[in-house]
Amino acid sequence: MELEEKTKDVSNQLDCRECGALLKYAPGTTHLKCEYCGCANEIKAAAETTVVEEIDFEKFLNENGIGVEKQEIVTVKCNNCGASSTLKPNITSDNCPFCASSLVITGGTANSIIKPKYLLPFKVDQKTAFEDFKAWIKSLWFAPNDLKNYADNAEKLNGMYIPYWTYNSKTESDYTGERGIDYTTVETYTTVEDGKTVTRERTVTRTRWTYVSGTVYNDFDDVLVLASNSLPESYTTALEPWDMQNITAYNDQYLSGFRTESYQVDVKTGFEKSKVIMNGEIRNTICAHIGGDHQRIGSMETTYNDITFKHILLPIWLSAYRYNDKVFRFMINGRTGEVQGERPYSVIKIVLTSLAVIAIGVAVYFGIRYYNQSH
Ligand SMILES: [Zn+2]
Ligand SMILES: [Zn+2]
(Lines give C-alpha, C1' and ligand atoms only; values in the text may rest on other atoms or scores of the structure.)
(Ligands and ions follow the chains in the order given, each with its own letter.)
Protein backbone atom coordinates (compact mmCIF):
# COMPACT_ATOMS: atom_id res chain seq x y z
CA MET A 1 0.00 0.00 0.00
CA GLU A 2 2.77 2.35 1.02
CA LEU A 3 4.48 1.71 -2.26
CA GLU A 4 1.34 2.51 -4.19
CA GLU A 5 0.98 5.83 -2.37
CA LYS A 6 4.51 6.73 -3.33
CA THR A 7 3.94 6.00 -7.00
CA LYS A 8 0.80 8.10 -6.80
CA ASP A 9 2.80 11.16 -5.78
CA VAL A 10 5.12 10.68 -8.68
CA SER A 11 2.29 9.98 -11.09
CA ASN A 12 0.61 13.30 -10.39
CA GLN A 13 3.72 15.17 -11.38
CA LEU A 14 2.73 16.74 -14.67
CA ASP A 15 4.72 19.97 -14.57
CA CYS A 16 8.02 20.26 -16.37
CA ARG A 17 10.80 20.46 -13.81
CA GLU A 18 12.74 22.75 -16.12
CA CYS A 19 10.15 25.32 -17.15
CA GLY A 20 6.93 24.47 -15.33
CA ALA A 21 4.89 23.89 -18.50
CA LEU A 22 2.44 21.00 -18.73
CA LEU A 23 4.10 17.78 -19.74
CA LYS A 24 2.33 15.61 -22.30
CA TYR A 25 2.54 11.91 -22.84
CA ALA A 26 4.62 11.14 -25.93
CA PRO A 27 2.91 8.30 -27.88
CA GLY A 28 4.93 5.15 -28.33
CA THR A 29 7.26 5.99 -25.46
CA THR A 30 7.26 5.62 -21.69
CA HIS A 31 7.85 9.27 -20.99
CA LEU A 32 6.22 12.65 -20.73
CA LYS A 33 7.60 15.40 -22.87
CA CYS A 34 7.69 19.17 -22.52
CA GLU A 35 6.63 20.86 -25.75
CA TYR A 36 8.56 23.99 -24.82
CA CYS A 37 11.99 22.95 -23.64
CA GLY A 38 12.05 19.35 -24.85
CA CYS A 39 12.65 18.01 -21.37
CA ALA A 40 11.48 14.39 -20.96
CA ASN A 41 10.31 12.72 -17.75
CA GLU A 42 10.18 8.96 -17.50
CA ILE A 43 6.81 7.57 -16.37
CA LYS A 44 7.46 5.52 -13.26
CA ALA A 45 5.89 2.15 -13.78
CA ALA A 46 3.64 1.08 -10.93
CA ALA A 47 4.97 -1.90 -8.99
CA GLU A 48 5.21 -4.65 -11.60
CA THR A 49 1.97 -6.56 -11.55
CA THR A 50 2.23 -9.86 -13.30
CA VAL A 51 -1.29 -10.91 -12.40
CA VAL A 52 -3.94 -8.65 -13.91
CA GLU A 53 -6.39 -7.65 -11.22
CA GLU A 54 -10.06 -8.39 -11.83
CA ILE A 55 -13.16 -7.34 -9.87
CA ASP A 56 -15.73 -9.93 -8.77
CA PHE A 57 -18.94 -9.15 -10.67
CA GLU A 58 -21.53 -10.65 -8.26
CA LYS A 59 -19.83 -9.11 -5.25
CA PHE A 60 -19.75 -5.75 -7.00
CA LEU A 61 -23.50 -5.89 -7.73
CA ASN A 62 -24.42 -7.15 -4.24
CA GLU A 63 -22.39 -4.48 -2.49
CA ASN A 64 -23.44 -1.73 -4.85
CA GLY A 65 -19.88 -1.06 -5.91
CA ILE A 66 -18.63 -0.39 -2.38
CA GLY A 67 -14.98 -1.26 -2.03
CA VAL A 68 -14.18 -0.68 -5.67
CA GLU A 69 -11.66 2.07 -6.24
CA LYS A 70 -13.30 5.24 -7.53
CA GLN A 71 -11.97 8.29 -9.26
CA GLU A 72 -13.17 11.89 -9.40
CA ILE A 73 -13.03 13.32 -12.86
CA VAL A 74 -14.23 16.61 -14.26
CA THR A 75 -16.05 16.18 -17.53
CA VAL A 76 -18.09 18.27 -19.89
CA LYS A 77 -21.28 16.73 -21.16
CA CYS A 78 -22.34 17.35 -24.72
CA ASN A 79 -25.96 18.52 -24.88
CA ASN A 80 -26.29 17.17 -28.36
CA CYS A 81 -24.99 13.58 -28.17
CA GLY A 82 -24.66 13.02 -24.43
CA ALA A 83 -20.96 12.10 -24.42
CA SER A 84 -19.04 13.10 -21.29
CA SER A 85 -15.39 13.77 -21.79
CA THR A 86 -12.55 15.57 -20.09
CA LEU A 87 -11.24 18.78 -21.57
CA LYS A 88 -7.81 19.79 -22.63
CA PRO A 89 -6.41 22.06 -19.92
CA ASN A 90 -6.91 25.82 -20.16
CA ILE A 91 -9.37 25.92 -22.99
CA THR A 92 -12.53 28.00 -22.99
CA SER A 93 -14.27 26.73 -26.09
CA ASP A 94 -14.27 23.45 -27.90
CA ASN A 95 -16.28 21.22 -30.16
CA CYS A 96 -17.56 17.84 -29.06
CA PRO A 97 -15.09 15.28 -30.44
CA PHE A 98 -17.98 12.86 -30.99
CA CYS A 99 -20.53 14.97 -32.84
CA ALA A 100 -18.73 18.23 -33.72
CA SER A 101 -21.34 20.45 -32.08
CA SER A 102 -19.97 23.25 -29.92
CA LEU A 103 -19.64 22.48 -26.23
CA VAL A 104 -20.89 24.79 -23.52
CA ILE A 105 -17.97 24.96 -21.12
CA THR A 106 -18.93 26.20 -17.71
CA GLY A 107 -16.44 24.58 -15.42
CA GLY A 108 -17.57 21.04 -16.07
CA THR A 109 -19.08 18.53 -13.66
CA ALA A 110 -17.21 16.39 -11.17
CA ASN A 111 -18.20 12.75 -11.36
CA SER A 112 -17.22 9.78 -9.29
CA ILE A 113 -16.56 6.83 -11.56
CA ILE A 114 -14.95 3.42 -11.24
CA LYS A 115 -11.26 4.01 -11.68
CA PRO A 116 -9.76 2.43 -14.79
CA LYS A 117 -7.28 -0.27 -13.80
CA TYR A 118 -5.42 -0.60 -17.06
CA LEU A 119 -4.93 1.09 -20.37
CA LEU A 120 -3.14 0.79 -23.64
CA PRO A 121 -1.15 4.01 -24.07
CA PHE A 122 -1.18 5.82 -27.41
CA LYS A 123 1.44 4.38 -29.73
CA VAL A 124 0.49 6.18 -32.95
CA ASP A 125 1.29 9.89 -32.59
CA GLN A 126 -0.87 12.66 -33.99
CA LYS A 127 1.32 13.23 -37.02
CA THR A 128 1.16 9.58 -38.10
CA ALA A 129 -2.55 9.33 -37.30
CA PHE A 130 -3.14 12.44 -39.37
CA GLU A 131 -1.23 11.00 -42.34
CA ASP A 132 -3.30 7.80 -42.13
CA PHE A 133 -6.45 9.89 -41.89
CA LYS A 134 -5.56 11.97 -44.96
CA ALA A 135 -4.65 8.89 -46.97
CA TRP A 136 -7.97 7.31 -46.06
CA ILE A 137 -9.96 10.42 -47.08
CA LYS A 138 -8.06 10.56 -50.39
CA SER A 139 -8.99 6.96 -51.09
CA LEU A 140 -12.71 7.76 -50.83
CA TRP A 141 -14.60 8.09 -54.05
CA PHE A 142 -17.33 10.68 -54.21
CA ALA A 143 -16.28 12.38 -50.99
CA PRO A 144 -17.32 16.03 -50.86
CA ASN A 145 -14.53 18.53 -51.53
CA ASP A 146 -14.89 20.25 -48.19
CA LEU A 147 -14.21 16.91 -46.50
CA LYS A 148 -10.85 16.91 -48.26
CA ASN A 149 -10.28 20.48 -47.04
CA TYR A 150 -11.38 19.47 -43.57
CA ALA A 151 -8.77 16.73 -43.62
CA ASP A 152 -6.06 19.37 -43.98
CA ASN A 153 -6.38 20.43 -40.37
CA ALA A 154 -4.53 18.12 -37.97
CA GLU A 155 -6.18 19.82 -34.99
CA LYS A 156 -9.47 18.20 -36.00
CA LEU A 157 -8.07 14.89 -34.83
CA ASN A 158 -8.67 14.31 -31.11
CA GLY A 159 -6.65 11.80 -29.14
CA MET A 160 -9.24 10.17 -26.89
CA TYR A 161 -9.07 7.40 -24.34
CA ILE A 162 -12.31 5.47 -24.80
CA PRO A 163 -13.84 3.48 -21.91
CA TYR A 164 -14.24 -0.29 -22.21
CA TRP A 165 -15.20 -3.12 -19.89
CA THR A 166 -13.64 -6.51 -20.16
CA TYR A 167 -15.29 -9.60 -18.73
CA ASN A 168 -14.07 -13.04 -17.80
CA SER A 169 -16.46 -15.92 -17.23
CA LYS A 170 -16.60 -19.68 -17.12
CA THR A 171 -19.75 -20.93 -18.78
CA GLU A 172 -21.67 -24.18 -18.75
CA SER A 173 -24.22 -24.61 -21.54
CA ASP A 174 -26.83 -27.37 -21.84
CA TYR A 175 -28.14 -27.80 -25.33
CA THR A 176 -30.43 -29.83 -27.49
CA GLY A 177 -30.10 -30.08 -31.22
CA GLU A 178 -29.67 -32.30 -34.23
CA ARG A 179 -26.69 -33.87 -35.95
CA GLY A 180 -26.86 -34.16 -39.72
CA ILE A 181 -24.92 -36.90 -41.50
CA ASP A 182 -24.74 -36.82 -45.28
CA TYR A 183 -25.21 -39.96 -47.33
CA THR A 184 -25.55 -40.58 -51.03
CA THR A 185 -28.27 -42.58 -52.66
CA VAL A 186 -29.30 -43.41 -56.17
CA GLU A 187 -32.71 -42.23 -57.22
CA THR A 188 -34.64 -42.73 -60.40
CA TYR A 189 -36.34 -39.95 -62.24
CA THR A 190 -38.15 -39.49 -65.50
CA THR A 191 -37.26 -37.01 -68.16
CA VAL A 192 -38.13 -36.34 -71.78
CA GLU A 193 -35.49 -37.20 -74.38
CA ASP A 194 -36.16 -36.91 -78.11
CA GLY A 195 -39.86 -36.54 -77.36
CA LYS A 196 -39.96 -39.77 -75.37
CA THR A 197 -40.39 -40.12 -71.63
CA VAL A 198 -37.48 -42.13 -70.21
CA THR A 199 -36.40 -43.26 -66.76
CA ARG A 200 -32.87 -42.38 -65.61
CA GLU A 201 -30.81 -42.76 -62.45
CA ARG A 202 -28.79 -40.17 -60.56
CA THR A 203 -26.74 -39.96 -57.35
CA VAL A 204 -28.00 -37.48 -54.81
CA THR A 205 -26.75 -36.34 -51.40
CA ARG A 206 -29.19 -36.42 -48.52
CA THR A 207 -28.85 -35.62 -44.82
CA ARG A 208 -30.02 -37.88 -42.03
CA TRP A 209 -30.80 -35.95 -38.83
CA THR A 210 -30.59 -37.41 -35.35
CA TYR A 211 -31.59 -35.81 -32.11
CA VAL A 212 -28.68 -34.93 -29.77
CA SER A 213 -28.16 -33.15 -26.47
CA GLY A 214 -25.17 -32.36 -24.29
CA THR A 215 -23.23 -29.88 -22.22
CA VAL A 216 -20.29 -27.71 -23.25
CA TYR A 217 -17.90 -25.61 -21.19
CA ASN A 218 -16.19 -22.40 -22.22
CA ASP A 219 -13.65 -20.22 -20.45
CA PHE A 220 -13.80 -16.60 -21.57
CA ASP A 221 -10.96 -14.19 -20.99
CA ASP A 222 -11.13 -10.43 -21.65
CA VAL A 223 -14.37 -10.20 -23.61
CA LEU A 224 -14.20 -6.58 -24.72
CA VAL A 225 -17.30 -4.37 -24.46
CA LEU A 226 -17.45 -0.73 -25.52
CA ALA A 227 -18.63 1.36 -22.55
CA SER A 228 -19.33 4.43 -24.69
CA ASN A 229 -22.61 5.23 -26.45
CA SER A 230 -20.99 7.96 -28.48
CA LEU A 231 -19.30 5.87 -31.12
CA PRO A 232 -20.86 3.58 -33.72
CA GLU A 233 -20.15 0.09 -32.43
CA SER A 234 -19.80 -1.48 -35.86
CA TYR A 235 -16.82 0.78 -36.51
CA THR A 236 -15.18 0.37 -33.12
CA THR A 237 -15.49 -3.40 -33.54
CA ALA A 238 -13.78 -3.06 -36.90
CA LEU A 239 -10.87 -1.29 -35.14
CA GLU A 240 -10.07 -4.55 -33.34
CA PRO A 241 -7.87 -6.39 -32.59
CA TRP A 242 -6.22 -4.57 -29.70
CA ASP A 243 -2.89 -5.85 -28.40
CA MET A 244 -4.33 -6.62 -24.98
CA GLN A 245 -1.16 -8.46 -23.98
CA ASN A 246 0.56 -5.07 -23.74
CA ILE A 247 -1.95 -3.62 -21.31
CA THR A 248 -0.36 -1.27 -18.75
CA ALA A 249 -1.39 -0.34 -15.22
CA TYR A 250 -3.38 2.87 -15.22
CA ASN A 251 -1.39 6.04 -14.65
CA ASP A 252 -2.64 9.64 -15.05
CA GLN A 253 0.52 10.53 -16.90
CA TYR A 254 -0.48 8.53 -19.98
CA LEU A 255 -3.59 10.70 -20.20
CA SER A 256 -1.76 14.00 -20.21
CA GLY A 257 -2.31 15.84 -23.48
CA PHE A 258 -5.23 13.59 -24.38
CA ARG A 259 -8.90 13.58 -23.52
CA THR A 260 -10.79 10.81 -21.79
CA GLU A 261 -14.41 9.83 -22.17
CA SER A 262 -16.21 8.56 -19.08
CA TYR A 263 -18.28 5.40 -19.43
CA GLN A 264 -22.02 5.56 -20.13
CA VAL A 265 -22.67 1.83 -20.19
CA ASP A 266 -22.76 0.50 -16.62
CA VAL A 267 -21.11 -2.73 -15.47
CA LYS A 268 -24.35 -4.73 -15.55
CA THR A 269 -25.47 -3.58 -19.00
CA GLY A 270 -21.94 -4.17 -20.23
CA PHE A 271 -22.15 -7.77 -19.05
CA GLU A 272 -25.40 -8.28 -21.03
CA LYS A 273 -23.52 -7.06 -24.10
CA SER A 274 -20.64 -9.41 -23.38
CA LYS A 275 -23.12 -12.32 -23.25
CA VAL A 276 -24.04 -11.69 -26.89
CA ILE A 277 -20.36 -11.99 -27.83
CA MET A 278 -19.90 -15.09 -25.64
CA ASN A 279 -23.04 -16.74 -27.03
CA GLY A 280 -21.64 -16.62 -30.54
CA GLU A 281 -18.58 -18.48 -29.32
CA ILE A 282 -20.67 -20.95 -27.29
CA ARG A 283 -22.72 -21.79 -30.40
CA ASN A 284 -19.48 -22.62 -32.22
CA THR A 285 -18.44 -24.87 -29.35
CA ILE A 286 -21.84 -26.61 -29.41
CA CYS A 287 -21.63 -27.19 -33.17
CA ALA A 288 -18.16 -28.70 -32.77
CA HIS A 289 -19.53 -30.87 -29.94
CA ILE A 290 -22.49 -32.07 -32.03
CA GLY A 291 -20.15 -33.01 -34.89
CA GLY A 292 -21.33 -34.64 -38.10
CA ASP A 293 -21.70 -32.78 -41.39
CA HIS A 294 -24.38 -30.34 -40.29
CA GLN A 295 -25.66 -29.11 -36.95
CA ARG A 296 -28.88 -27.58 -35.73
CA ILE A 297 -29.17 -26.03 -32.28
CA GLY A 298 -32.66 -26.35 -30.84
CA SER A 299 -32.14 -24.84 -27.42
CA MET A 300 -29.27 -23.72 -25.24
CA GLU A 301 -29.20 -22.73 -21.60
CA THR A 302 -26.05 -21.14 -20.23
CA THR A 303 -24.97 -20.45 -16.67
CA TYR A 304 -22.19 -17.92 -16.17
CA ASN A 305 -19.80 -18.63 -13.31
CA ASP A 306 -16.78 -16.85 -11.84
CA ILE A 307 -17.64 -13.59 -13.57
CA THR A 308 -15.05 -10.87 -13.15
CA PHE A 309 -14.57 -7.55 -14.88
CA LYS A 310 -12.27 -4.60 -15.16
CA HIS A 311 -12.43 -1.10 -16.49
CA ILE A 312 -9.86 -0.19 -19.12
CA LEU A 313 -9.16 2.69 -21.50
CA LEU A 314 -8.20 2.24 -25.13
CA PRO A 315 -6.61 4.94 -27.33
CA ILE A 316 -8.51 6.19 -30.37
CA TRP A 317 -7.81 9.15 -32.62
CA LEU A 318 -11.19 10.59 -33.38
CA SER A 319 -12.67 13.17 -35.66
CA ALA A 320 -16.28 14.20 -36.17
CA TYR A 321 -17.28 15.91 -39.36
CA ARG A 322 -20.61 17.62 -40.11
CA TYR A 323 -21.96 17.52 -43.63
CA ASN A 324 -25.52 18.41 -44.62
CA ASP A 325 -26.54 18.37 -40.93
CA LYS A 326 -25.31 14.83 -40.49
CA VAL A 327 -22.36 13.71 -38.39
CA PHE A 328 -19.70 11.43 -39.78
CA ARG A 329 -17.05 10.02 -37.50
CA PHE A 330 -13.59 8.74 -38.24
CA MET A 331 -11.66 6.59 -35.84
CA ILE A 332 -8.07 5.48 -35.86
CA ASN A 333 -6.80 2.71 -33.63
CA GLY A 334 -4.17 4.52 -31.51
CA ARG A 335 -2.09 1.33 -31.38
CA THR A 336 -2.22 -0.03 -34.93
CA GLY A 337 -3.20 2.97 -37.08
CA GLU A 338 -6.21 1.09 -38.50
CA VAL A 339 -8.71 3.64 -39.90
CA GLN A 340 -12.48 3.17 -39.80
CA GLY A 341 -15.17 5.65 -40.51
CA GLU A 342 -18.57 6.69 -41.64
CA ARG A 343 -18.36 8.50 -44.90
CA PRO A 344 -20.39 11.17 -46.61
CA TYR A 345 -21.09 11.01 -50.34
CA SER A 346 -21.23 14.08 -52.48
CA VAL A 347 -24.46 13.83 -54.49
CA ILE A 348 -23.16 16.37 -57.00
CA LYS A 349 -20.03 14.33 -57.63
CA ILE A 350 -22.04 11.15 -58.11
CA VAL A 351 -24.42 12.89 -60.54
CA LEU A 352 -21.57 14.46 -62.50
CA THR A 353 -19.71 11.15 -62.69
CA SER A 354 -22.88 9.35 -63.82
CA LEU A 355 -23.46 11.99 -66.49
CA ALA A 356 -19.86 11.64 -67.62
CA VAL A 357 -20.25 7.84 -67.88
CA ILE A 358 -23.46 8.27 -69.89
CA ALA A 359 -21.80 10.86 -72.11
CA ILE A 360 -18.88 8.51 -72.81
CA GLY A 361 -21.35 5.69 -73.52
CA VAL A 362 -23.28 7.86 -75.99
CA ALA A 363 -20.06 9.06 -77.61
CA VAL A 364 -18.80 5.48 -78.02
CA TYR A 365 -22.16 4.36 -79.47
CA PHE A 366 -22.25 7.11 -82.06
CA GLY A 367 -18.56 6.67 -82.70
CA ILE A 368 -19.12 3.01 -83.55
CA ARG A 369 -22.12 3.85 -85.76
CA TYR A 370 -20.14 6.48 -87.59
CA TYR A 371 -17.28 4.03 -88.05
CA ASN A 372 -19.64 1.34 -89.41
CA GLN A 373 -21.34 3.78 -91.78
CA SER A 374 -18.11 5.09 -93.17
CA HIS A 375 -16.68 1.64 -93.91
ZN1 LIG B 1 9.90 22.42 -20.09
ZN1 LIG C 1 -21.52 15.56 -28.87
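1. pLDDT is the predictor's confidence in each residue, on a scale from 0 to 100. This is a predicted model, in which local features need pLDDT of at least 70 and side-chain atom pairs count only at pLDDT 80 or more, whereas totals for chains, interfaces and linings use all residues. Residues are numbered from 1 along each chain as its sequence is written, and chains are lettered from A and ligands numbered from 1 in the order in which they are written.

2. Confidence. The protein has a mean pLDDT of 85, and 89% of its residues reach 70 or more.

3. Overall composition. The protein contains seven helices and 17 strands; helices (H or I, at least four residues) and strands (E, at least two) are DSSP runs, numbered from the N terminus. Of the 375 residues, 28% are buried. A residue is buried if 20 or more other C-beta atoms lie within 10 Å of its own, exposed if 12 or fewer, and partly exposed in between, with C-beta atoms placed from the backbone. Of the contacts with a separation of 6 or more, 73% join residues 24 or more positions apart.

4. Helix H6. This helix (residues 267–290) has 24 residues, and the distance from its first C-alpha to its last is 34 Å, close to the 34 Å expected at 1.5 Å a residue; the expected span is 1.5 Å times one less than the number of residues. Its buried residues are Val267, Gly270, Phe271, Ser274, Met278, Ile282, Ile286 and Ile290. Their cover includes helix H2 (57–62) and the strands S11 (158–193), S12 (196–226) and S15 (294–323). Just after H6, Gly291 adopts a positive phi of about 70 degrees.

5. Helix H3. The end C-alpha atoms of H3 (residues 126–138) are 18 Å apart, which agrees with the 18 Å that its 13 residues should span at 1.5 Å a residue. Ala129, Phe130, Asp132, Phe133 and Ile137 are its buried residues. Seen down the axis of H3, these residues fall within an arc of 160 degrees, so they line one face of the helix; the arc is that of the directions from the helix axis to the C-beta atoms. On the other side, Lys127, Ala135 and Lys138 are exposed. The cover of the buried residues includes helix H4 (145–150), S15, strand S16 (326–333) and strand S17 (339–341).

6. Sheet S6-S5-S9. Three strands in this order form an open sheet with antiparallel pairing; two strands pair if DSSP finds at least two bridges between them. S6 (84–85) and S9 (109–114) stand at the edges with a single partner strand each, so one side of each lacks a neighbour in the sheet. Strand S5 (residues 70–77) pairs with S6 in the antiparallel sense over two bridges, and Val76 has Ser85 in S6 as its bridge partner.

7. Sheet S1-S2-S3. Here too, three strands in the stated order form an open, antiparallel sheet. The edges are S1 (23–25) and S3 (40–42), each with a single partner strand, so one side of each is left without a neighbour in the sheet. Antiparallel S1 and S2 (residues 31–34) are joined by three bridges, and Tyr25 stands opposite Leu32 in S2.

Definitions and conventions
Contact = placed C-beta atoms within 7 Å.
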